[in-house]
Amino acid sequence: MMILAAALLVMGACTKKEVVTEPVIETKPVDTVVETPSGDLEPLETRVKILIAEDGAASGAGFYIAKEKGYFEDYNIEVDFADFANSDDMLPALAAGEVDIAGGVSTASFFNAIAQGIDVRIIADKGHNMPGKSYFSFVIGNHMVDEIKEYADFRGKKIGVSSRNSIDGYIYEEMLKHAGLTEEDVEYVHMADFGSMLGAIDAGTIDAALSIEPLIAQGIANKFHVRFGDTTDFAPESQIAMVLASPKFMEQDDISLRFMAAYLKGVRDYNDAFFKDIGKDEIIDIMVMHTALKDHELWERVFVTGLDPNGKMFVEDIKKQYGTYKANGVILGDIDFDKAVDTSLTEEAVEVIGVYE
């Protein structure tokens, strides 16, 4: 009986002491959004340095602006600029991967290098004329303003051009076709230095010249010449300069995509500044810092280089230029444009950052 009573006491004690458990409250998982500095792609895990062959040309605006505005830095990319005396040295260095990116101008020697095995990629726009505001156009001397009213009036005139079988010569030839003139109808005057054209046209040594900004604006200000027509009158889609890349650089997908996204952001700021008057003073300050044109006020008056905010090139015109040089007998070999022109990187970057409106 005593053992039974003790057992009952133990059982009673157990039933009075209940185990209390905390209720489990189910919560929905919270989506964690990681903000990236760029607002689109995450920075590279390891910092990389990209070498750009650029000599301070105004058409390099996208590079300069992206650097100074921190767009490259957002992706953990550092850029540095290398200056080459000529493309004969630059193109082999680019093909070998010693330089990642470069600016190229349409010349017979450029196309010859590719035709003869220098492996580079033409990937984005780096300079074209804006309709009605060409930065690369003809000027006439003040002594010709009453005589030259249309392109056909160039007949019998002395025209200064910096080179043949280059973008200069190409535009010159396109003008002759537009005017219904032949080579024999005008006097071609070779003047390699654009600056020397100013004095020559003022002195009447030449009647007209194919000039370039800021010399066009400076010549107008100093009453050396007047602007005549616009290059887009007869060559509306002339591709003057291109962004070039080494094949090695193109193979590094994560790096090259971020580089192009940053470059296009710089180009878009440039377009906002010069064509929409948004943030113009800041962009001009950057251009003054990086280019030979140090006059802030003159930047307000020049016709600036056209740079497509989506990186698009006039590919058919590139092929046309090549065909012109080849017809002139100065191209040795053929170019596989399906290989040489690669717009895939630019198109992918636009998908990331959106189409510029």
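Start by selecting Ala 61, Tyr 64, Ile 65, Lys 67 and Glu 68 in helix H2, which meet Ile 283, Ile 286, Met 287, Met 289 and His 290 in helix H11; contact here means heavy atoms within 4.5 Å. Colour these residues by type and you will find 7 nonpolar, 1 polar and 2 charged (Ala, Val, Leu, Ile, Met, Phe, Trp, Tyr, Cys and Pro count as nonpolar, Asp, Glu, Lys and Arg as charged, and the others, Gly among them, as polar).

A word on what is on screen: this is a predicted model, where local features need pLDDT of at least 70 and side-chain atom pairs count only at pLDDT 80 or more, while totals for chains, interfaces and linings use all residues. Residues are numbered from 1 along each chain as its sequence is written, and side-chain values use heavy atoms, leaving out hydrogens and water.

Next, show the whole of H2 (residues 61-68) and H11 (residues 280-290), whose axes lie 10 Å apart at an angle of about 110° (axes are lines fitted to C-alpha atoms, for helices over the stretch in contact, and angles run from 0 to 180 degrees between N-to-C directions). That makes H2 roughly perpendicular to H11, a term for angles of 65 to 115 degrees. Helices (H or I, at least four residues) and strands (E, at least two) are DSSP runs, numbered from the N terminus.

Now move to the open sheet of 5 strands, ordered S2-S1-S3-S10-S4 with mixed pairing; strands pair if DSSP finds at least two bridges between them. Strands S2 (77-82) and S4 (121-128) each have a single partner strand, so one side of each is left without a neighbour in the sheet.

Finally, select S3 (residues 101-105) and S10 (residues 239-245), which run antiparallel and are joined by 5 bridges. Here Ala 102 stands opposite Leu 244 in S10.

Technical notes:
Angles under 35 degrees count as roughly parallel, over 145 as roughly antiparallel, 65 to 115 as roughly perpendicular and the rest as oblique.
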